[in-house]
Every structure is written in structure tokens, then in C-alpha cells.
Amino acid sequence: MKDYHIHYHIDKCADNEMTFPNIEKKCLELGINEGTILKHYSALMPNGEDKWICWYKTILGQWQQYLDEFTAYKPQKMIIHSGVETELCNEAGDINIHIEEQNKIEMVQLSVHYMINLDCLPMDLLLYPNLNYCPQFNNEEGKRIIEEWRLKTVTAGEENIICGLVNGYMNAIKRFPKVKSLAHIADGLKPLRTYLVDVDKVPINRIIEIFEPLMRLMAEKNVMWELLDEYANPAILKRANELGVGFTASADGHFLESGWGPLSKHNEAETILDNLSLRRGKIEF
Ligand SMILES: [Zn+2]
Ligand SMILES: [Zn+2]
């Protein structure tokens, strides 16, 4: 088995126990013989500061430390690749790591951690409309701001917003060959749901039609569709499978045994692939 999305202790969000030897040991116990141990990389935060909600701008010393430790570690029994998890920024396909830094690693896991800047819906709102993460919006003023945002999504049009997200992913894949997997993409609609876009207003056949060019491009370029153990509309996944997309399972492990992920839950994501009879992909490095 493979897991191309395992976090490393240098990032604040990952546990101290996430070292190369510990991760390798746990992977071998789980039956994972190939994986990517990656670092978060964000050249910029949406608010222009060092921290935003629970994300951090990359500290260059820590980045170098990751690269050095990767080079120094010689795996015993598994294949370990280097990589980053970074964000898709906008519809043009800009991603949150410069090309010179991309060239230092084997792959990019491309995430949508927060709403991207769309032509039809500019990212002029620096809030994450989840009150668990942003309790400061849990008041009348905060609710007014969130409602204002929701109305903007209605004006922009749900279908246009889905098209914008698909364009962003496609442009990034075309521009950056190190993008080899779309991280925790679920059915592609999760970030839009988080940002209060009423995607379920759009008929499922139309959603699939909008996603098909992305699915075909992923199949052509061998870019993985990564699934965690979370809800994703099976109809979208089945169509991607029919069009030749390769899927991978991950726990997005930030801990070995407990806490976020953890890596030990990898097999739960594999079960989702099995239950939906989705084809397993393999990244070519
Ligand atoms: Zn992520
Ligand atoms: Zn992650």
C-alpha cells in the first residue's frame, strides 16, 4: 500500500513523534511500503502575516532542516519520497510555493485549505466561516459578515464557482508538473461547502459535467485523487474512476496513533476505495 501524505514533526501541527524512523516503523506495521513524508509549505498567508487561523507561513530555516533530514535518512524497507503540501491560490492555478522550491522535492500535494480567489468571486474576505476555528465571528457582527459572504456566493452563482475551482486545479496541474496529487479532495466540493456555497443546488449531472475536464486531465497526467475517511459524493467518484483517474488513500497523518489523522487509521481510507471499487493509482516519480 501507499500513502503519499504523511506529515513531519517540523510542522507545528504534526506530533514530535513524526520522525523518519518512527513513521517508517508504523508504515511497515500497517503494510505501507511506499509513501511521501512531506512538509507544509506556504509562501504567503491570505492575510499577509505569519499566521492565519491554523496555518503558518513557512520558516525558511525549518524548510532547509526538512530537506537536510530527508537527505540524511536512509529508509530500511520502504520507499520514501519528499514533498510538500501547499495550497491552490486562485483560478489561474498559482500555488503557494515558488518554482525554485518545488524543484527541491519530488512532489506537491495540492490542497484547498481555504477559499481560492475566483474570477467570479474574489477572495476579499479573510475569514474562515467555521465558528469552531474562528470563534471571534461568533457574535452579531461576525454573523452579519458571514451572511454578507453567503449572499455573494449566491450572486456569483454556484455553477460558476464550481467551474472556477475546476479551472484552478486544471491550470495548476498544467503549469506545475510536481503537482502529482490533489490532497483530501473528497468529491471536490468540500471547500465550497465549507465556504457556504450551496453546491447541492446544482444538479449532480451538471456537477459531474463540470468536473469531467479535470478528471480527464488527471487521468492523462497521472495526477492522483486522494481520499481520506470522509464524506464524498460517490457519483462523482465513480465518474472519475470511469474516466481513468487513479485514487489513493491517506489518513493525512499528523500523529502515529492518536490525535489528528492518525497514520494508524490509514486502512479506513483504503476501505472507502474498496467499497466504491475505485482504481488505485501510482505516482510516477
Ligand atoms: Zn491539508
Ligand atoms: Zn495534510
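The legends below accompany close-up views of one predicted model.

**Figure 1. The predicted protein as a whole, with its helices and strands.** The secondary structure of this predicted model comprises nine helices and nine strands. Along the principal axes, the C-alpha atoms of the protein occupy a box of roughly 55 × 40 × 35 Å. The radius of gyration is 18 Å, which agrees with the value near 19 Å that a compact globule of 285 residues would have. Of the 285 residues, 40% are buried. When contacts between residues at least 6 apart in sequence are considered, 74% of them join residues that are at least 24 apart.

Figure 2. Seven strands form an open sheet in the order 1-2-5-6-7-8-9, and their pairing is parallel. The edges are formed by strand 1 (2-7) and strand 9 (247-249), each of which pairs on one side only. Between neighbouring strands of this sheet the turn is 35 degrees on average, with direction ignored.

**Figure 3. Strand 5 between its two partners, strand 2 and strand 6.** On one pairing, strand 2 (residues 34-40) and strand 5 (residues 79-87) run parallel and are joined by seven bridges. Within this pairing, L38 has G83 of strand 5 as its bridge partner. Strand 5 is also joined to strand 6 by five bridges, and these two strands likewise run parallel.

Figure 4. Strand 6 (residues 107-111) is mostly covered, with five of its five residues buried. M107, Q109 and S111 point one way from the strand, whereas V108 and L110 point the other way, and burial applies to the residues of both groups. Strand 6 runs parallel to strand 7 (residues 179-182), to which it is joined by three bridges. Two residue pairs can be followed across this pairing: V108 has V179 of strand 7 as its bridge partner, and L110 has L182 of strand 7.

**Figure 5. W225 and the largest nonpolar core.** The largest nonpolar core contains 66 residues, and those with the most contacts inside it are L88, L110, Y169, L182, L192 and W225. Helix 5 (residues 158-175) gives the most to this core, contributing seven residues. Two of the residues named for their contacts, L182 and W225, stand opposite each other, with W225 lying in strand 8. Strand 7 and strand 8 run parallel and are joined by two bridges. If residues up to four places away in sequence are left out, W225 touches L182, I185, M218, A240, V245 and F247.

Figure 6. N222 is not a glycine, yet its phi is positive at about 55 degrees. This residue is found in the loop between helix 7 and strand 8 (224-227). N222 counts as partly exposed because it has 15 C-beta neighbours inside 10 Å, a number that falls between the limit of 12 or fewer for exposed residues and that of 20 or more for buried ones. D252, which is not a glycine either, has a positive phi of about 50 degrees, and its place is in the loop between strand 9 and helix 9 (266-275). With 24 C-beta neighbours inside 10 Å, D252 counts as buried.

Figure 7. K201 lies in the loop that runs between helix 6 (190-194) and helix 7 (204-221). Because K201 has 10 C-beta neighbours inside 10 Å, this residue counts as exposed. K201 and E158 are separated by 43 residues in sequence, while their C-alpha atoms are 7.5 Å apart in space.

Notes. Residues numbered from 1 in each chain as written. Chains lettered and ligands numbered in written order. Predicted model: local features only at pLDDT ≥ 70, side-chain atom pairs only at ≥ 80, totals over all residues. Helix = DSSP H or I, 4+ residues; strand = E, 2+ residues; numbered from the N terminus. Pairing = 2+ DSSP bridges. Axes fitted to C-alpha atoms, helices over the stretch in contact; angles between N-to-C directions. Rg over C-alpha atoms; globule rule 2.2 N^0.38 Å. Contact = placed C-beta atoms within 7 Å. Core = buried A, V, L, I, M, F, W, Y, C linked by C-beta atoms within 7 Å.
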